[in-house]
Amino acid sequence: MPTLVVDNHPFQVRADQNALEACLSLKLDLPYFCWHPALGSVGACRQCAVKQFKDEKDTKGKLVMACMTAVSDGMRLSIADDDARRFRASVIEGLMENHPHDCPVCDEGGECHLQDMTVMTGHDYRRYRFPKRTFRNQDLGPFLNHEMNRCIQCYRCVRFYREYAGGTDFNVFKLRDIAYFGRQQDGVLENEFAGNLVEVCPTGVFTDKTLKRHYTRKWDLTMAPSVCVHCSLGCNTTPGARYGKLRRMVNRYNGAVNGYFLCDRGRYGYEFVNSGRRITRPLLRDGGSERIVSRDEALDRASHLITESRSVIGIGSPRASLEANFALRAVVGAEHFHLGMSDADAALAGLMLELQRAGPAHVPSLRETEQYDAVFIVGEDVSNTAPRLALSLRQSARQQPMQRLRALKIPLWQDHAVREAVQAEHGPFFIASVNATRLDDLATSAYRAAPDDIARLAFAVAHHVDASAVAVDGLSGDLDDLARSCAAALATAERPLIVSGAGCRSASVIRAAAALARALHAKGRAVGLCFALPECNTMGTLLLGGKPLGEALDAAARPELVIVLENDLHRRAGAVRVEALLSSAAHVIVLDSIETATSARADVVLPAGTFAESDGTLVNNEGRAQRFFQVLLPDSEIQESWRWLAQLRAATHRSGDAWESLDDVLHAMGGAVPSLAPAIEAAPLSHYRMAGARVPREPQRYSGRTSMLANIDVSEPKPPEDVDAPLSFTMEGTTRQPPSALIPFFWSPGWNSIQAVNQYQTEIAAALEGGDPGVRLIHADGSTGGPARPEIPAAFAARKGEWLVVPLHHVFGSDELSHEAPAVAQLAPAPYVALNAADANALGAHEGDVIDITLDGVTQRLPLKIAPALPAGVAGVPVGLEGMPAVTLPAWSRLVTHT
Ligand code: SF4
Ligand code: SF4
Ligand code: FES
């Protein structure tokens with residue numbers, strides 16, 4: 001390791017860094033703006049100036065930009081040098097000439113990198129006395145507020161939006177010495193990662209519009225480590241609450257998962273927690289009447305129903321925690337516990353789990369996916385089903401062209417030079433999908449086909465990689481050429497990655513992706529296989545195990561009591577089957593956070609905590625168990641599902657220890673289901689203390705502590721004690737950095753913005769100190785013996801007068817919970833049926849015409865949308881949207897133009 005001497009102190013540093021990264025890794029305070037750990041260096045802001053000396057005898061030195069200077073052995077730098085200090089202060093002074101100095105009314109205030117850097121440089125006196133430059137701001141849609149006067153022209157936003165995230169509708173517009181960062185005209189920012197601008201922009205140009213509606217100063221938020229519940233990737237998040245309301249969501253760095261960024265579904269979907277449709281009080285229904293009751297009365301009634309019913313079944317949920325599912329299983333017995341997903345979803349997810357276990361391909365973490373140098377996406381529209389994965393894949397597309405930069409001796413952190421050298425070149429990036437995707441701009445080839453044809457292509461690629469893999473008969477010459485070129489690109493890559501998932505609901509597609517991964521492994525490639533699953537805890541629910549939901553829905557002998565955990569069964573199966581179960585059961589108990597069609601049918605409704613009011617564990621698509629912690633103390637009867645169920649278990653089971661805390665449930669689960677035992681290690685248990693102290697959920701700067709409840713009682717109430725977590729609900733506690741899984745917020749003296757994360761990492765952009773949070777529960781070990789020789793599906797054949805209807809997904813709208821957030825709902829489309837233009841012509845229909853489509857025996861009337869990329873003979877319907885019933889897809893349907 002090279003020795004870097006900073007202000008006469010020698011340090012060992014990593015060789016492939018620039019001096020800014022090295023100094024920040026050493027936790028030295030050096031200001032910066034335009035450099036970003038994920039975006040690299042461009043040397044635009046001149047804020048990171050340091051003095052570089054040739055050797056010990058050099059007393060004069062020269063000013064260099066640390067972010068543009070590669071470290072070398074024996075390099076001598078000074079941060080404290082007077083020239084460097086004055087230079088940095090003068091840069092801030094220049095930037096501040098036009099800055100509005102509106103910190104007291106700025107949403108960024110108190111968490112602003114520009115504030116921190118201004119203080120750090122010591123600039124404190126304004127000499128400029130002339131008018132400031134002012135701009136007109138834009139309406140950028142429901143997520144982001146725009147206040148251009150605060151801009152310091154660091155260019156981070158445009159680099160993130162266009163170069164990192166692939167957006168095209170945002171740019172910098174220049175006139176003489178004026179630079180404007182925005183859209184060509186007002187309008188919703190199109191990129192699904194736009195919300196990251198809130199954290200990427202070092203000042204208050206882009207701020208969270210949803211927070212603005214219920215604004216709270218950042219230091220007044222109660223925060224906790226959490227995990228996103230809006231898709232299967234398990235991005236780490238930090239929710240912030242005040243006065244019993246969830247106020248915002250920001251990224252929580254996890255070096256193995258989401259790194260620095262979230263998708264906008266994850267960032268803005270949080271407002272479902274504040275929804276008017278929340279269930280906040282227990283409810284009993286009897287005949288036509290319903291009654292809000294106390295927690296105790298609801299528990300009495302529910303436990304009476306459980307003990308008096310001759311047959312009881314439980315239906316779990318892939319959107320509920322492991323602990324909640326396990327607790328339900330304990331109440332009803334493992335033999336009566338059902339997986340709360342459709343049988344088709346359960347079969348596909350089970351297949352993906354089996355294939356992950358069988359190996360031999362590595363199942364990469366989300367962050368690892370960025371390092372693969374050739375990608376084949378087999379059938380999955382990741383931008384809409386697992387959005388953050390799409391952002392990672394966008395980075396992997398650059399890996400192969402960047403490899404030749406080694407020969408040119410261009411370090412990869414030299415972002416401008418890298419982009420100049422690489423230009424728009426991409427590595428091998430193949431997409432096979434039923435419809436156009438938002439990654440198509442990267443595609444070496446984008447093949448559109450029905451699911452079976454996608455599977456055939458992937459099987460054919462596998463055969464061309466490894467001749468011992470099953471051959472595919474009857475491919476057209478063009479398709480075989482495509483298979484060969486894809487095979488050649490993947491087989492010659494150092495690290496090919498195969499991505500698939502349950503998005504088009506085809507087992508053949510999933511099997512084909514795995515077969516291709518096996519073929520690449522057989523040829524010695526370090527192949528990765530990554531699957532997107534439907535929901536945040538699909539994997540955890542599967543690992544817990546349970547009977548298929550269909551057995552409950554279709555059983556001849558109906559149970560007397562059905563207990564449904566955080567699940568709207570109408571999203572899992574058709575209304576007829578669901579209603580048959582719910583109406584034939586004598587009683588229904590529902591635990592949920594949101595009113596649903598299922599909760600409306602319950603005799604007993606128990607208000608369940610969302611992720612914000614609960615602690616628990618979720619298992620993401622790679623099998624990583626991650627703990628989330630409660631951030632919000634509800635002022636109602638809401639409590640964690642697992643706690644309701646633990647209380648019901650205690651009331652109805654005569655034997656066994658009572659479960660008083662999350663730890664008890666975790667230990668019981670680990671004992672009953674050994675494969676889940678490592679989940680206990682996902683975070684320290686409740687007894688964990690740091691020098692006898694808890695980890696505070698509130699920053700030391702928290703204000704109003706003694707007065708915020710004075711309208712109720714002038715005596716400050718005793719803070720609630722958390723029996724489930726080693727976190728306190730107050731600002732009292734350790735001032736040391738907690739273990740990574742317990743970090744409620746990133747803060748360090750002088751670092752009040754999200755950039756404080758630098759102070760928590762082992763090195764810049766590397767793992768958090770002590771290792772990133774989460775425990776892998778699945779290891780590819782061939783324990784299942786590997787998949788059977790796959791069956792190649794027959795080629796898709798379009799039918800006359802009928803269409804194969806496939807599911808389409810939407811980042812905003814398809815997810816059940818985030819759709820409850822007003823900002824997300826605003827961007828969700830209305831239900832539609834999609835056809836390509838030629839098929840629409842053949843049907844005599846035009847965009848917007850009303851079409852009758854019959855699925856699962858139910859006819860719906862939907863407007864037509866032209867989707868030019870859909871293959872002939874294939875129609876698409878969006879799944880999960882409000883107003884779209886659960887249907888079994890893919891399925892054939894006649895389409896009739898409604899007149
Ligand atoms: S808008 Fe923010 S991120 Fe963009 S250039 Fe201005 S200060 Fe930098
Ligand atoms: S990618 Fe998925 S887990 Fe990550 S923030 Fe978005 S919705 Fe949440
Ligand atoms: S951070 Fe180094 S020049 Fe901007």
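Predicted model: local features only at pLDDT ≥ 70, side-chain atom pairs only at ≥ 80, totals over all residues.

Visitor: Which residues of α10 are buried?
Guide: Asp345, Ala346, Leu348, Ala349, Leu351, Met352, Leu353, Leu355, Gln356 and Ala358.

Visitor: And what do they pack against?
Guide: The buried residues of α10 pack against β21 (496–501), α17, β22 (528–532) and α18 (538–544).

Visitor: What happens just after α10?
Guide: Gly359 sits there with a positive phi of about 65°.

Visitor: OK, switching to the largest nonpolar core. Which residues touch the most other members?
Guide: Phe376, Val461, Ile498 and Ile563, out of 115 residues in that core. Helix α17 (residues 507–522) supplies the largest share of this core, with 10 residues.

Visitor: What does Ile498 touch?
Guide: Leaving out residues up to four places away in sequence, the contacts of Ile498 include Phe376, Val378, Leu490, Leu516, Leu520 and Cys530. There's also a second, separate core of 79 residues, with Cys45, Met65, Phe746 and Val824 among them.

Visitor: New topic: what's the strand order in the open sheet of three strands?
Guide: β26-β27-β30, with antiparallel pairing. The edge strands, β26 (616–619) and β30 (775–776), each pair on one side only.

Visitor: How many bridges link β27 and β30?
Guide: Two, joining β30 to β27 (residues 624–628) in the antiparallel sense. Ala625 is opposite Val775 of β30.

Definitions and conventions: Residues numbered from 1 in each chain as written. Chains lettered and ligands numbered in written order. Heavy atoms only, no water. Core = buried A, V, L, I, M, F, W, Y, C linked by side-chain atoms within 4.5 Å. Buried < 20%, exposed > 50% of the residue type's maximum accessible area, 1.4 Å probe, protein only. Helix = DSSP H or I, 4+ residues; strand = E, 2+ residues; numbered from the N terminus. Contact = heavy atoms within 4.5 Å. Pairing = 2+ DSSP bridges.
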